[in-house]
Amino acid sequence: MTDTLETTTAHDDKHDNHHGPTDKQFIAIFFFLAAITAVEVLVSYVDIGPAFLPVLLGLMIVKFFTVVWYFMHIKFDHQLFGRLFYIGLGLAVAVYVAMLSTFQFFAG
Amino acid sequence: MSDSVITEPAPDVVDEHPAQHAGDDHGHDDHAHGGHHSSLGLSNNKLAMWLFLGSECLLFGGLISTYMLYRNRHSAELGPDQLWDIPFTSASSFVLLTSSLTMVLAVSAANRKDLRNTKIFLGVTALLGGLFVAGQIYEFTTFYREGLGFTTSLFSSSFFTLTGFHGVHVSIGIIMLVATIGMIQKEKISGDKAEAVEMVGLYWHFVDIVWIIIFTLVYLIPA
C-alpha cells in the first residue's frame with residue numbers, strides 16, 4: 001500500500017480553505033472546548049448563586065454546537081445534512097420537554 | 001513510495017470534479033466520488049448517517065429525560081452527592097474530547113489522501129475511546145462496591161441505563177475505528193476512503209456531544 005503525504009500541495013491548500021477549518025484551526029477549537037470544560041468544572045465547585053444553572057447550561061450548549069458545527073462539519077456542508085440532524089434534535093427536545101412538563105419536572 | 005512528502009500534486013489527487021466544486025457553496029460532497037448519490041448530488045451514505053444521528057437524538061433524549069425525572073429517587077446514602085467523583089469524570093470527559101480532536105484530524109488526513117496519518121489518528125482515537133470505556137467500567141465497579149446496583153433505586157436504574165447506553169455507543173465506535181483501520185490497511189474499502197472515515201467520524205463526534213450533555217446534566221448539576 002502506498003502511504004503518501006500530499007500536505008503541501010497547492011490543491012490541498014485550496015481544498016482546506018474551501019471546505020472548512022485547517023488542522024491548526026481544529027487544534028485551536030479543541031483548546032477552546034477544553035477551556036470551556038475547565039470553566040464548567042470550576043463553576044461546579046464555586047458558589048455563583050442563581051447564575052449557576054444558566055451558566056452551566058450555556059457553556060454546555062456552546063460546546064455542543066462548536067463540535068456539531070466545526071468537528072462534524074455541519075457549518076460547511078450541504079444544508080440538507082444539518083436539517084436532518086436539527087429535525088431529530090428539535091423533535092427530541094420538544095417531545096421530552098413536553099414529557100418532563102407533564103410530570104411537573106419544572107414546577108419545583 | 002512510503003511516507004514521503006510530495007510538493008507537486010500527484011495525478012490521482014488532482015480535482016476530479018472541478019465543475020461540481022465551482023458552483024457549490026456548501027459542497028463537501030465531493031468526498032463521495034465512489035458512492036451512490038441522491039438526485040441532489042449528495043452522498044446517500046452521508047444522508048443516511050445524518051438521518052441516523054437525528055434519530056439517535058430521540059433515543060438519548062428519552063434516556064436523559066428519564067434520568068432527570070428519577071435523579072432524586074434514591075436513598076440518603078447512595079445518591080450523586082455521595083458517589084460522584086467529579087475530578088475523575090472531568091478527566092474522562094477530557095479524554096473523550098481529545099479523541100474528537102484526533103478523529104477530526106483523521107478525517108482531515110483522509111481528505112488529503114494521507115493514509116499513514118489517517119490510520120495513526122484513527123488508532124489514537126480508538127485508544128482514547130478505550131481509555132474512556134475503561135474509566136466508565138472502573139466507575140461502575142466502584143459504585144457497585146459501594147452498594148449501588150442496577151435495581152437499587154430508580155436513580156441507579158436510570159443512571160446505569162443512560163451511561164451504559166453511551167458506553168455501548170463508544171464501544172461500537174471503537175469497533176468501527178479498528179475495522180476502518182483494517183479495511184484501509186487491506187484496501188477493502190471500495191470507493192472513496194475519505195467518505196468512509198468521515199462516516200465513522202460523524203458517529204464518533206455524536207458520541208462526544210451526547211457526553212457533553214451527560215457530563216453537565218448528570219454530573220455537574222446537582223439534584
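## Helix α2 of chain B

Helix α2(B) contains 27 residues, and the distance from its first C-alpha to its last is 40 Å, close to the 39 Å expected at 1.5 Å a residue. The model described here is a predicted one.

At the start of α2(B), the backbone nitrogen of Asn45(B) has a side-chain oxygen of Ser43(B) within 3.3 Å.

## Aromatic pairs

Over all chains, the whole structure holds 28 aromatic pairs. One of them joins Phe85(A) and Tyr86(A): the ring centres are 6.0 Å apart and the planes meet at 55 degrees, so the pair is tilted. Phe85(A) has 0% relative accessibility and counts as buried, whereas Tyr86(A), with a relative accessible area of 32%, is partly exposed.

A pair in chain B is formed by Phe60(B) and Phe206(B), with ring centres 6.3 Å apart and planes at 55 degrees, so this pair is tilted. The pair links distant parts of the chain, since Phe60(B) belongs to helix α2 (residues 44-70) and Phe206(B) to helix α7 (residues 193-220), 146 residues apart. Both Phe60(B) and Phe206(B) are buried.

## Other ring contacts

Chain B also has an aromatic cluster, whose members include Tyr67(B), Trp84(B), Phe132(B), Phe159(B), Trp211(B) and Tyr219(B). In chain A, the face of Trp69(A) has Lys75(A) over it, at 5.3 Å from the ring centre.

## The largest nonpolar core

The largest nonpolar core is made of 85 residues. Phe85(A), Trp84(B), Phe159(B), Phe206(B), Ile209(B) and Tyr219(B) have the most contacts inside it. In chain A, helices α2 (23-45), α3 (52-71) and α4 (79-102) each supply at least two residues of this core. The largest share, 20 residues, comes from α7(B).

Domain 1 (2-77) and domain 2 (78-108) of chain A both give residues to this core, so the core lies between them.

Several residues named above return here. Phe85(A), from the tilted pair with Tyr86(A), is among the core residues with the most contacts. Phe206(B), which pairs with Phe60(B), is also among them. Trp84(B), Phe159(B) and Tyr219(B) belong to the aromatic cluster and are likewise on that list.

Thr163(B) is placed in helix α6 of chain B. With 0% relative accessibility, Thr163(B) counts as buried. A polar atom of the Thr163(B) side chain lies 2.7 Å from the backbone oxygen of Phe159(B).

Notes
Residues numbered from 1 in each chain as written. Chains lettered and ligands numbered in written order. Predicted model: local features only at pLDDT ≥ 70, side-chain atom pairs only at ≥ 80, totals over all residues. Heavy atoms only, no water. Phe/Tyr/Trp six-rings, centres within 6.5 Å; stacked < 30°, edge-to-face > 60°. Buried < 20%, exposed > 50% of the residue type's maximum accessible area, 1.4 Å probe, protein only. Helix = DSSP H or I, 4+ residues; strand = E, 2+ residues; numbered from the N terminus. Lys NZ or Arg CZ within 6 Å of the ring centre and 35° of its normal. Expected span 1.5 Å × (residues − 1). Polar contact = N/O pair within 3.5 Å; in protein donor to acceptor, adjacent residues only side chain to side chain. Core = buried A, V, L, I, M, F, W, Y, C linked by side-chain atoms within 4.5 Å. Domains from an automatic or database assignment.
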